[in-house]
Amino acid sequence: MAEPNDKSPKKPKPEAAWHAVHVVAGKGACPAAIALGKRRFLSKEAPRLPLADCTTPDTCTCAYRHHKDRRSTPRRWSDQGGLNRPATQGERRAQRDRRKIEEE
């Protein structure tokens, strides 16, 4: 049985599992930062700042902007305000078993 002071890693909360960042190009940003645009990365996979290809690492002013989710826009129709497809009214298939050979 685990002790209350056990230092085992805890499962991340669902929001934390998809926490994302994008690089905000600072004033006079290098081409590497500008090329990223607003591309979002999972926090664990985000490039370190200053970027590896940064031309001015000593004066770099780039920063991270944090987001709850990696997605920037809703992807499902229902998330965008659309209605879900209506449920069918009862069973539409024939009641007989089509695989069963009928005796004549």
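**The sheet and its surroundings**

Strand β1 is largely enclosed by the rest of the structure, because four of its five residues are buried. Buried means under 20% relative accessible area, exposed means over 50%, and partly exposed is in between, with a 1.4 Å probe and protein chains only. Strands (E, at least two residues) and helices (H or I, at least four) are DSSP runs, numbered from the N terminus.

Before I go on, a word on the source: this is a predicted model, where local features need pLDDT of at least 70, side-chain atom pairs count only at pLDDT 80 or more, and totals for chains, interfaces and linings use all residues. Residues are numbered from 1 along each chain as its sequence is written, and side-chain values use heavy atoms, with hydrogens and water left out.

Now, what is the order of the strands in the sheet? It is β2-β1-β3, an open sheet of three strands with antiparallel pairing. The edge strands, β2 and β3, each pair on one side only. Two strands pair if DSSP finds at least two bridges between them. Strand β1, residues 20-24, is joined to β2 by two bridges, and to β3 by five bridges, again antiparallel. In general, strands of a sheet pair through backbone hydrogen bonds, either parallel or antiparallel.

Take A20 as an example. Its bridge partner in β2 is L42, and in β3 it stands opposite H67.

That brings me to H67, in strand β3. Is H67 buried or exposed? It is buried, because its relative accessible area is 14%. Leaving aside neighbours within four places in sequence, H67 is in contact (heavy atoms within 4.5 Å) with H19, A20, V21, H22 and R40. With H22 there is also a polar contact of 2.8 Å between the side chains. A polar contact is a pair of N or O atoms within 3.5 Å; within protein, one must be able to donate a hydrogen and the other to accept it, and residues adjacent in sequence count only if both atoms are side-chain atoms.

Next, the loop between β2 (41-42) and β3 (63-67), where P50 lies. The peptide bond from L49 to P50 is cis, with omega near -10°.

Last, A35 in helix α2, residues 31-36. A35 counts as exposed, because its relative accessibility is 66%. From A25 it is 10 residues away in sequence and 9.4 Å away in space, C-alpha to C-alpha.
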